[in-house]
Amino acid sequence: MTTPTQSPSTLARARILVVDDQPANIQVVGLALGKLGCEIIPALDGPTALKRLAAYPPDLILLDLLMPEMDGCEVCRLLRENPDWRELPVIFLSAADDKDLVVRALEAGGVDYITKPFNQAELILRVKTQLDLKRARDRLKQLAEDKDELLGILAHDLKNHLGGMQMSSQLLDKRIRALGDERAAHLSENILNSGGQLLTFVKEFLANAAADHGLVLKPVTLNFSHAAADAIQRYAEAAQCKQLVLDTKLPTEDAAVFADASALDQVLDNLLSNALKFSPPGGAILVSIHPDEEGVECRIRDNGPGFTAEDRVRMFRRYARLSARPTGGEPSSGLGLSIVLKLVQEMNGELACESSPGRGATFIVRLPRPTN
């Protein structure tokens with residue numbers, strides 16, 4: 001069986017800061033971990049530990065709990081206040097096996113607690129465990145940074161190139177139709193539709209990734225009716241092409257909400273886009289604003305196929321495929337509603353759907369009023 005002293009791969013080359021007011025304790029730890037390849041940085045008190053921490057950034061800290069002047073809890077609190085040191089694992093060391101002290105140590109930010117005198121096998125195993133966890137966290141952090149970099153490339157390059165291709169496809173499609181070549185027109189239409197679906201997916205994927213990454217919203221006082229009117233204007237031509245009537249009830253008085261302008265635009269765009277997709281030609285879409293004492297609601301109602309009970313359970317999940325399908329062959333990625341939910345929640349609002357099969361759907365966005 002493999003023992004702790006026979007598996008030094010994680011410990012080898014690890015730098016460990018050992019803080020203890022008793023030099024003998026530092027020597028014991030140094031002998032146990034040093035022979036496995038660890039680099040030991042000693043410190044006899046808290047202030048010295050903080051200085052050496054800046055000069056020799058460690059992978060892990062072994063910190064004595066009970067020290068004169070600055071105890072281990074205070075040192076740990078200072079570590080957690082510094083963004084450069086916040087993620088360093090801290091294992092507390094103490095001769096006192098007092099449960100209250102253990103709780104204090106963990107509340108201060110410690111990840112583990114070892115009592116003195118040390119059991120060498122226990123010390124090595126606990127240190128190795130925390131080093132393994134730290135390296136796993138570091139790896140995940142690197143992967144997340146790589147993902148963000150890739151998303152940045154997608155946002156800057158792929159989306160722009162797809163947009164250019166889509167514009168060229170539209171011009172080409174018009175020219176081919178003017179020539180009257182039916183076969184070429186059919187091929188051109190396929191290219192145009194496929195490009196549109198891909199561009200829609202990329203845009204919604206990037207929006208969803210941005211929401212996952214953590215949005216930094218800047219809420220201000222906005223008029224919900226004005227925002228809805230602007231969004232409706234952007235879809236007026238698309239509605240006309242599909243012979244849809246956009247009916248509105250947008251009272252401008254008493255419609256102030258506290259929201260982020262960009263996020264609110266995206267919410268309304270997604271919901272209006274869905275309403276147009278799922279409404280049959282010749283139908284109607286109603287957009288209405290309903291103020292009350294606590295907030296303002298925006299209702300977007302279509303007369304499309306509606307949603308089943310199973311759909312309503314899954315509709316806000318990413319990549320959800322629902323029973324209702326777009327009525328004009330429009331692209332649908334399954335990401336739009338998940339993005340809407342995240343944005344509404346980030347603005348401290350609520351999102352709901354009222355629907356039944358064959359009777360259309362009404363999406364309700366409720367946002368809070370300004371606080372002052």
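## Salt bridges

The side chains of aspartate 132 and lysine 128 meet in a salt bridge, with N and O 3.1 Å apart; the term stands for a side-chain nitrogen of Lys or Arg within 4 Å of a carboxyl oxygen of Asp or Glu. This is a predicted model, in which local features need pLDDT of at least 70 and side-chain atom pairs count only at pLDDT 80 or more, while totals for chains, interfaces and linings use all residues. Residues are numbered from 1 along each chain as its sequence is written, and side-chain values use heavy atoms, with hydrogens and water left out.

Aspartate 132 and lysine 128 are separated by about one helical turn, because they stand four residues apart in helix α5 (residues 120-179); helices (H or I, at least four residues) and strands (E, at least two) are DSSP runs, numbered from the N terminus. Aspartate 132 is partly exposed, at a relative accessible area of 32%, whereas lysine 128 is buried at 18%. Here buried means under 20% relative accessible area, exposed over 50%, and partly exposed in between, computed with a 1.4 Å probe on protein chains only.

In the whole structure, a search finds 16 salt bridges. One of them joins the side chains of arginine 369 and aspartate 254, at 3.2 Å from N to O. Arginine 369 lies in the segment after β12 (361-368) and aspartate 254 in the loop between β7 (245-249) and β8 (256-259), so this pair ties together parts that are 115 residues apart in sequence. Arginine 369 counts as buried, with 19% relative accessibility, while aspartate 254 is exposed, with a relative accessible area of 51%.

Another salt bridge connects aspartate 292 with arginine 366, whose closest N and O atoms are 2.8 Å apart. This pair also links distant parts of the chain, since aspartate 292 is in the loop between β9 (284-291) and β10 (295-302) and arginine 366 is in strand β12, 74 residues apart. Aspartate 292 is partly exposed at 32%, and arginine 366 counts as buried at 16%. Both belong to a network of salt bridges that links Asp292, Glu297, Arg299, Glu354 and Arg366.

## Nonpolar cores

The largest nonpolar core has 40 residues, of which Phe224 and Ile300 touch the most other members; such a core is a set of buried Ala, Val, Leu, Ile, Met, Phe, Trp, Tyr and Cys residues joined through side-chain atoms within 4.5 Å. Elements that give two or more residues to this core include α7 (224-234), α11 (336-346) and β11 (350-355), and α9 gives the most, with eight residues.

## A lining without charge

The lining of the largest cavity has nine nonpolar, no polar and no charged residues; Ala, Val, Leu, Ile, Met, Phe, Trp, Tyr, Cys and Pro count as nonpolar, Asp, Glu, Lys and Arg as charged, and the others, Gly among them, as polar. Among the lining residues are Leu17, Ala49, Leu50, Ile61 and Val75. The largest share of this lining, three residues, comes from α2.

Technical notes
1 Å grid on protein atoms, 1.4 Å probe; cavity = no way out; pocket = protein on both sides within 12 Å on 5 of 7 lines; lining within 4 Å.
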